[in-house]
Amino acid sequence: QVQLVESGGGLVQAGGSLRLSCATSGRTFSLYAMGWFRQAPGKEREFVAAIARSTSDTDYADSVKGRFTISRDNPKNEVYLQMNSLKPEDTAVYYCAAKYSLDNYYRTYNEEDDYVYWGQGTQVTVSS
C-alpha cells in the first residue's frame, strides 16, 4: 500500500509559478513510476506529466510542454511538478499517482487506468 499526499497548491496570478510536491509512504518509492493528473470543474480528469523510475524519462501533455517540469527525489520519496507561466486554464485540482513498475525502469504512463494509487489532490487556481 502506498499513500500519497500532495501539497503546494494555491492561488496565483497568470504568468506566475507554483511547485507541487507529492510525498509518498513506504521504502520502495524507487520501484514506482509516478504521474500528475488534473481535473477542472465540470471536466474529466486528464494527464499532465509522468516520470519513470529512471528519473530521466518523462512525458508531458501537449498543453503543458515547455511550462511544466516533473522530477523526483528517490531518497526523499517525493515527486514534484514545477509549473511556470501559469494560465487560467491550468486551474484544477492536481493529483499525484503511483504505479508499481518493477519490470519497466524507463517507461512512463499517461493513462489514468495505469495508476493504482492516488493522492487526495491539491487545488491550483490561476487568476487572470
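**Figure 1. Pairing of Ala 97 with Trp 118 in strand S10.** In this predicted model, Trp 118 of S10 is the bridge partner of Ala 97. Strands S9 and S10, the latter spanning residues 117-118, are joined over two bridges and pair in the antiparallel sense. Ala 97 of S9 also stands opposite Gly 35.

**Figure 2. Strand S9 and its pairing with S4 and S11.** Strand S9 covers residues 92-100 and runs antiparallel to strand S4, residues 32-39, with eight bridges between them. Gly 35 and Ala 97 face one another in this pairing. Strand S11, residues 122-127, is likewise antiparallel to S9, and three bridges connect the two. Within S11, Thr 122 is the bridge partner of Tyr 94.

Figure 3. Gly 121 is located in the loop that lies between S10 and S11. The relative accessible area of Gly 121 is 15%, which is under 20%, and the residue is therefore classed as buried. Leaving out residues up to four places away in sequence, Gly 121 touches Glu 6, Val 93, Tyr 94 and Tyr 95. Of the residues touched, Tyr 95 is 26 residues from Gly 121 in sequence, yet the C-alpha to C-alpha separation is 4.4 Å.

**Figure 4. The ring of Tyr 95 and the side chain of Arg 45.** Arg 45 is placed over the face of Tyr 95, at 4.7 Å from the ring centre. Tyr 95 is also among the residues touched by Gly 121.

Figure 5. The structure contains eight aromatic pairs. Because Phe 37 lies in strand S4 and Phe 47 in strand S5 (residues 46-51), the pair ties together parts that are ten residues apart in sequence. Phe 37 has a relative accessibility of 1% and counts as buried. Phe 47, at 14% relative accessibility, also counts as buried.

**Figure 6. The open sheet S1-S3-S8-S7.** Four strands make up an open sheet with antiparallel pairing, in the order S1-S3-S8-S7. Strand S1 (4-7) and strand S7 (68-73) are the edge strands, each pairing on one side only. From one strand to the next, the twist averages 15°. Within the sheet, strand S3 (residues 18-24) and strand S8 (residues 78-83) run antiparallel and are joined by six bridges. Leu 20 stands opposite Leu 81 of S8. The charged end of Arg 19 sits over the ring of Tyr 80, at 4.0 Å from the ring centre.

Figure 7. Asn 77 occupies the loop between S7 and S8. With a relative accessible area of 18%, Asn 77 is under the 20% limit and so counts as buried. Apart from neighbours within four places in sequence, Asn 77 is in contact with Cys 22, Ala 23, Thr 24, Gly 26 and Phe 29. Strand S3, spanning residues 18-24, is the partner of S8 in an antiparallel pairing.

Note on methods
Residues numbered from 1 in each chain as written. Predicted model: local features only at pLDDT ≥ 70, side-chain atom pairs only at ≥ 80, totals over all residues. Heavy atoms only, no water. Pairing = 2+ DSSP bridges. Axes fitted to C-alpha atoms, helices over the stretch in contact; angles between N-to-C directions. Buried < 20%, exposed > 50% of the residue type's maximum accessible area, 1.4 Å probe, protein only. Contact = heavy atoms within 4.5 Å. Phe/Tyr/Trp six-rings, centres within 6.5 Å; stacked < 30°, edge-to-face > 60°. Lys NZ or Arg CZ within 6 Å of the ring centre and 35° of its normal.
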